[in-house]
Amino acid sequence: MITFPNAKINLGLNIVGRRPDGYHNIETVFYPIPLCDALEIRRMDERFPSEVDCDLKVTGNAVDCDEQKNLVVKAYNLLAADFSLPRVHAHLVKRIPSQAGLGGGSSDGAYMIRLLDERFRLNIGIAEMERYAARLGADCPFFITAMPSYATGIGEILAPVDGPKGNLGGYRLAVVKPDIAVSTAEAYSRITPAQPAKCCRDICRQPIATWRDELTNDFEKPIFAMHPMLADIKRRLYDLGAVYAQMSGSGSALFGIFKQEPHNIATAFPGLYTAVMEL
């Protein structure tokens, strides 16, 4: 059985408070995009000589991680502790860039929960799958339904989000990812949490033309200071006609939303990862 874990972008991201546990409370809108990995599982033959119950093979984009520490395997082990699961072979084809702020690893883990639930008829239910996913990572619960969501807490508290007015259906999305690794911990250390003047959920309900002046990502200021190239990519996305552009999450991917197909993205950013898709 195969499934296709999708990426996400953040439409606005505000760091609103520091928590006693050392984490930060945020406000953001998670929006799913049609940039996907592929994940397949097969029941392992009883005679297959494997030392692990979830034998994971990763192909496609290189992933700098021990495969047994991958969220796909962690998701299997999480459910195997509570359910009688057979041993499985898992094959993950990576297409979503890593260290990008696009949620690729989180999506893989959440989709593994979904896949195991469907394949082995565990009948867990969405709410319970979200609780399992939250144990993998703060943004993992979003990918259980992968519907546009307003996220608070550390990203695990989800609520429906209306709009934007006119919707994003039919718009084109361009993603640009330079070969830059962002230190999220360092970025957080440079932020003074504050409540924004207007909630990102409310801004996302407004016409898209208003987003450029009002919808912000608090990570941009410190991360752009560390990596000026990212600020330049955002500026060039606007120069190419984007109605809105932003860094996703803590980066280093940036995205631009266009009314029409942008045909010159790859040539405008030679040597960088680029992708264009319809929303």
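## Domain arrangement

The C-alpha centres of domain 1 and domain 2 lie 23 Å apart in this predicted model. Domain 1 covers residues 2–160 and domain 2 covers residues 164–278, the bounds being taken from an automatic or database domain assignment. To the contact between them, domain 1 gives 30 residues and domain 2 gives 35 residues, where contact means heavy atoms within 4.5 Å.

Local features need pLDDT of at least 70 and side-chain atom pairs count only at pLDDT 80 or more, whereas totals for chains, interfaces and linings use all residues. Residues are numbered from 1 along each chain as its sequence is written, and side-chain values use heavy atoms, with hydrogens and water left out.

## The interface between the domains

About 2600 Å² is buried between domain 1 and domain 2, and carbon and sulfur atoms give 64% of this area; buried area is the accessible area, taken with a 1.4 Å probe, that two parts lose on being put together, summed over both. Across this interface the rule finds zero salt bridges, a salt bridge being a side-chain nitrogen of Lys or Arg within 4 Å of a carboxyl oxygen of Asp or Glu. Between domain 1 and domain 2 there are, however, 14 residue pairs in polar contact, both residues at pLDDT 80 or more. A polar contact is a pair of N or O atoms within 3.5 Å; within protein, one must be able to donate a hydrogen and the other to accept it, and residues adjacent in sequence count only if both atoms are side-chain atoms.

On the side of domain 1 that touches domain 2, the elements giving two or more residues are β2 (6–18), β3 (24–36) and β8 (157–160), and β2 provides the largest share, eleven residues. Helices (H or I, at least four residues) and strands (E, at least two) are DSSP runs, numbered from the N terminus. The residues on this side of domain 1 divide into 17 nonpolar, nine polar and four charged, with Ala, Val, Leu, Ile, Met, Phe, Trp, Tyr, Cys and Pro counted as nonpolar, Asp, Glu, Lys and Arg as charged, and the others, Gly among them, as polar.

## A four-stranded open sheet

Four strands, in the order β1-β4-β6-β5, form an open sheet with mixed pairing. Because β1 (2–3) and β5 (54–60) stand at the edges with a single partner strand each, one side of each is left without a neighbour in the sheet. Two strands are taken to pair if DSSP finds at least two bridges between them.

β1 runs antiparallel to β4 (residues 38–43) and is joined to it by two bridges, with I2 opposite E40 and T3 opposite L39. On pairing with β6 (residues 88–94), β4 is again antiparallel, over six bridges, and the bridge partner of E40 in β6 is H91.

## Salt bridges and backbone details

In the whole structure the search finds 14 salt bridges. One of them joins K94 to D37, with the closest N and O atoms 2.6 Å apart; this pair links distant parts of the chain, since K94 lies in strand β6 and D37 in the loop between β3 and β4, 57 residues apart.

Two loops hold backbone features of note. The peptide bond from G251 to S252 is cis, with omega near 15°, and S252 is placed in the loop between β10 (244–247) and β11 (254–258). R121, a residue other than glycine, has a positive phi near 50° and lies in the loop between α2 (104–119) and α3 (126–134).
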